Amino acid sequence: MGAPSAALVCAPCVVVILSWLLLKYVKWVWLEPKKLERLLKDQGIKGSPYKFLMGDLRDNARLMREARSRPIPLTHDIVPRVTPLHHQLMKTHGKMCITWFGPIPRVTIMDPELVKEILSNKFGHFARPNSNPVMRLLGSGLVSYDGEKWAKHRRIINPAFHQEKLKLMMPAFSSSCVELIDRWKKLVDSSGEEHCELDVWPELQNLTGDVISRTAFGSSYEEGRRIFQLQHELAELIMEIIQFLPIPGYRFLPTKRNIKIRNIDKEIHIILGDLVSKRIKAMKMGDVYNDDLLGILIESNFKLDQEQDSKSLAMTVDEVIEECKLFYLAGQETTTSILTWTVILLSIHPDWQSRARQEVLEVFGDNKPDYDGLHHLKIVTMILYEVLRLYPPVVFLVRCTYKEMKLGKVTFHREFT
């Protein structure tokens, strides 16, 4: 009699729990998004209609495939290529419009004054959103933190970017650049002509990966290059599955890509963990490694750890690993992008190419560039700033509200991003 009675008692409980979970799911994927869509439209903000669970992710993936299947013309209007969904919606609905990242509404804001107000974030009401666990595999360091944790990591990382530390990294920059130029010279010589055709994107990808590996890991840069390769492969895999991220539990499914993502992430952690552990051990024995990012990071962290009052402020080994991963992600693609566009624009405008070359020769002659001389390159600096203006490597920043906020004439609720 005992067992059947217990089963009778448990059955209604299971039904209640399942009903509650179902209600929460329906609210998350339909009721809440439709409510937010109505609130935005009532304030005059239009955009794509909400589509169950996936939002605009599938349309975005389709438009990106279509855009990248065609060669890009030599034009400054690159928005249709880089972010075709936003370009399409802004043409139809204006510069403030709605897109959907799964069931989450995103409001695109182009007004410089409103953007300035959001990014100044004096009261912490516009914060970085919590990213999907899969996206965090690419690196969840400084750029993903807010408040006290951000301040702690910024304090530890800051010494790596002091002027004197950057000067110490100049030999690494120089070595990588010299190797690239020598390789290009050999390609021209082997062609038997005064010129040859070259795809600069992979060349500059290798350059930036090599520079980051040297400046991040110093004498261990070969291991660093392996991390760079793995990070690049991981990023491509995650971009392939981004449209499925809103599906609950998708990352746990044993698909071929999910298994590969987990294996790559595991290998990155093993390599970085081994490098960090070796450096910490060497530092405790009195060895000094303060001329690369990893050494500076560990040294700064180690000093905090030794101070009794600041011990809780020191980063864990896992946090150091995440900062190293982020250094790759944030530095490699962005720098490759600006260098590639710089080369393209100098090819289109040979007069500016000649002026830049003449300035470099006047400042450095036949000598290798040095840190102090870089400040005298006015024309080169102007060119780089113009490339950044025309082809910014980061096309948008995401912020979300944690309470009801009024921005301009629009009231944003806490669920908006």
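Reply: Happy to! This is a predicted model, so let's begin with one contact in it. The side chain of E37 makes a polar contact with the side chain of K34, at 2.9 Å. E37 belongs to helix 1, which covers residues 2-42. Is E37 buried or exposed? With a relative accessible area of 6%, E37 counts as buried, because the cut-off for buried is under 20%. Leaving aside residues up to four places away in sequence, E37 touches S48, P49, Y50 and W100.

S120 is partly exposed, at 40% relative accessibility.

Now on to a pair of helices. Helix 11 (residues 256-284) and helix 13 (residues 317-348) have axes that come within 10 Å and cross at roughly 115°. Helix 11 is therefore roughly perpendicular to helix 13, and the crossing is right-handed. On the helix 11 side, the contact is made by D265, I268, H269, L272, G273, V276 and I280. Helix 13 contributes V317, D318, V320, I321, E322, C324 and K325. Sorted by class, this contact has 8 nonpolar, 2 polar and 4 charged residues.

Technical notes: Residues are numbered from 1 along each chain as its sequence is written. This is a predicted model: local features need pLDDT of at least 70, side-chain atom pairs count only at pLDDT 80 or more; totals for chains, interfaces and linings use all residues. Side-chain values use heavy atoms; hydrogens and water are left out. Axes are lines fitted to C-alpha atoms, for helices over the stretch in contact, and angles run from 0 to 180 degrees between N-to-C directions. Helices (H or I, at least four residues) and strands (E, at least two) are DSSP runs, numbered from the N terminus. Angles under 35 degrees count as roughly parallel, over 145 as roughly antiparallel, 65 to 115 as roughly perpendicular and the rest as oblique. A crossing is left-handed if the near helix is turned anticlockwise from the far one by less than a right angle, and right-handed if clockwise. Contact means heavy atoms within 4.5 Å. Ala, Val, Leu, Ile, Met, Phe, Trp, Tyr, Cys and Pro count as nonpolar, Asp, Glu, Lys and Arg as charged, and the others, Gly among them, as polar. Buried means under 20% relative accessible area, exposed over 50%, partly exposed in between (1.4 Å probe, protein chains only). A polar contact is a pair of N or O atoms within 3.5 Å; within protein, one must be able to donate a hydrogen and the other to accept it, and residues adjacent in sequence count only if both atoms are side-chain atoms.
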